[in-house]
Amino acid sequence: MSIYHQLTDSYQRQFTYLRLSVTDQCNFRCNYCLPDGYSAASPDPFLSLEEIQRVAAAFALNGTKKIRITGGEPTLRKDLADIIRICKSTPGIETVALTSNGYKITQQLPALVDAGLDQLNLSADSLEPANFEMITGHNKLQEVLAGIDLAISLGLKRVKLNVVLMREFNRNELSKFLEFVSNRPISLRFIELMQTGDNVEFFKKQHVSGAEIQQHLEQNNWLQVLRDPHAGPAVEYTHPHYEGNIGLIMPYSKDFCSSCNRLRVSSHGNLHLCLFADAHESLRPYLTQESSAQLAKRLQHLLGGKKETHDLHEGNSGSTRHLAMLGG
Ligand code: SAM
Ligand code: SF4
């Protein structure tokens with residue numbers, strides 16, 4: 001397959017990773033994301049399989065190698081296995097990953113792996129069932145943890161557990177989280193809580209800097225893993241006595257945006273150049289009217305509008321009301 005162009009922006013960042021949201025619907029009510037539950041933001045349908053195929057093909061022509069399918073909750077799409085199959089069979093796409101809240105994952109995972117899924121991220125912001133239920137509104141912790149173990153046994157290339165850090169809800173569980181990776185070959189990722197349009201007061205009370213965790217790790221013989229400069233903004237730690245790694249995603253840290261390698265397309269077909277951008281561009285009209293090659297060129301042009309950094313430090317989270325809109 002010939003690549004037209006490597007997507008590179010004005011700041012010499014290369015974009016080889018697409019995060020594709022396939023629905024903004026969710027069945028959980030995470031306290032930092034959808035505390036009042038889901039309500040539809042738009043009457044428009046979510047991207048169809050044909051539209052997803054077009055998006056994947058155009059990005060792949062521009063050198064995208066990895067697609068992460070996200071949401072809302074992507075497993076709510078009945079055609080999720082077909083979505084994975086389409087992405088995986090797109091020439092140039094090497095890796096297909098999924099981020100899910102894992103509420104029914106043990107039932108669904110074998111078919112998704114069969115369709116070509118390579119990597120799985122599940123979310124569990126607490127390892128205590130009652131606390132997990134308080135955060136998400138669902139008594140599903142055991143299912144999520146069983147999903148992690150199933151993913152390992154099915155031989156997925158990378159398995160991750162996402163944990164959003166919150167001062168009053170899980171800061172005291174740090175040792176439990178570390179213990180969880182002692183005998184599991186996974187990466188547990190602490191994600192700093194991000195401010196969005198809807199969670200400003202919650203953010204102010206609950207935000208914990210990843211630097212606190214980093215300091216604890218470094219004082220306890222965890223070593224920072226050297227990563228490829230294009231591997232994205234996570235910082236990863238390893239320890240000789242632990243099978244798994246600990247990752248940190250610290251969007252408020254200095255230089256976080258300089259290693260950005262990802263672009264986002266929403267479930268309604270909008271291209272978001274940043275999770276916290278003010279504006280987005282609808283690709284939908286072009287998905288039916290243009291060839292993949294034309295669309296690929298259009299993407300190159302649109303990338304010119306990508307800013308050097310987000311404005312989160314100024315308290316500006318752009319037009320993102322919550323991350324279920326875009327998939328994080
Ligand atoms: N529903 C799926 C899930 O929860 O894994 C996929 C979508 S969710 C938006 C993707 C990731 O973003 C999850 O790990 C979630 O915990 C995280 N997330 C959501 N809102 C966040 C926020 N305000 N700050 C940091 N992470 C957030
Ligand atoms: Fe749903 Fe994921 Fe948001 Fe939780 S974080 S409400 S599971 S989209």
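This is a predicted model: local features need pLDDT of at least 70, side-chain atom pairs count only at pLDDT 80 or more; totals for chains, interfaces and linings use all residues.
Residues are numbered from 1 along each chain as its sequence is written, chains are lettered from A and ligands numbered from 1 in the order in which they are written, and side-chain values use heavy atoms, with hydrogens and water left out.

Helices (H or I, at least four residues) and strands (E, at least two) are DSSP runs numbered from the N terminus. Two packed helices are described by the angle between their axes and the distance between the axes. The axes are lines fitted to C-alpha atoms, for helices over the stretch in contact, and angles run from 0 to 180 degrees between N-to-C directions. Helix α3 (residues 105-114) and helix α5 (residues 141-153) have axes that come within 9 Å and cross at roughly 25°. α3 and α5 are therefore roughly parallel to each other (angles under 35 degrees count as roughly parallel, over 145 as roughly antiparallel, 65 to 115 as roughly perpendicular and the rest as oblique). Contact, meaning heavy atoms within 4.5 Å, involves Ile 105, Thr 106, Gln 107, Leu 109 and Pro 110 of α3, and Glu 143, Ala 146, Gly 147, Leu 150 and Ala 151 of α5. By class, this contact comprises six nonpolar, three polar and one charged residues. For these classes, Ala, Val, Leu, Ile, Met, Phe, Trp, Tyr, Cys and Pro count as nonpolar, Asp, Glu, Lys and Arg as charged, and the others, Gly among them, as polar.

Helix α1 (residues 49-61) packs on helix α2 (residues 80-88) at an angle of about 30°, with the axes 9 Å apart. α1 and α2 are therefore roughly parallel to each other. Leu 49, Ile 52 and Gln 53 of α1 meet Asp 82, Ile 83, Ile 86 and Cys 87 of α2, a contact of five nonpolar, one polar and one charged residues. With helix α10 (residues 292-303), α1 packs at about 65°, the axes being 8 Å apart. Here Arg 54, Ala 57, Ala 58, Phe 59 and Leu 61 of α1 contact Ser 292, Ala 293, Leu 295, Ala 296 and Leu 299 of α10. The residues of the α1-α10 contact divide into eight nonpolar, one polar and one charged.

An open sheet of mixed pairing is formed by twelve strands in the order β7-β8-β9-β6-β5-β4-β3-β2-β1-β10-β11-β12; strands pair if DSSP finds at least two bridges between them. Its edge strands, β7 (223-224) and β12 (281-282), each pair on one side only. Strand β6 (residues 187-192) pairs with strand β9 (residues 245-249) in the parallel sense over five bridges. Arg 189 has Gly 247 in β9 as its bridge partner.
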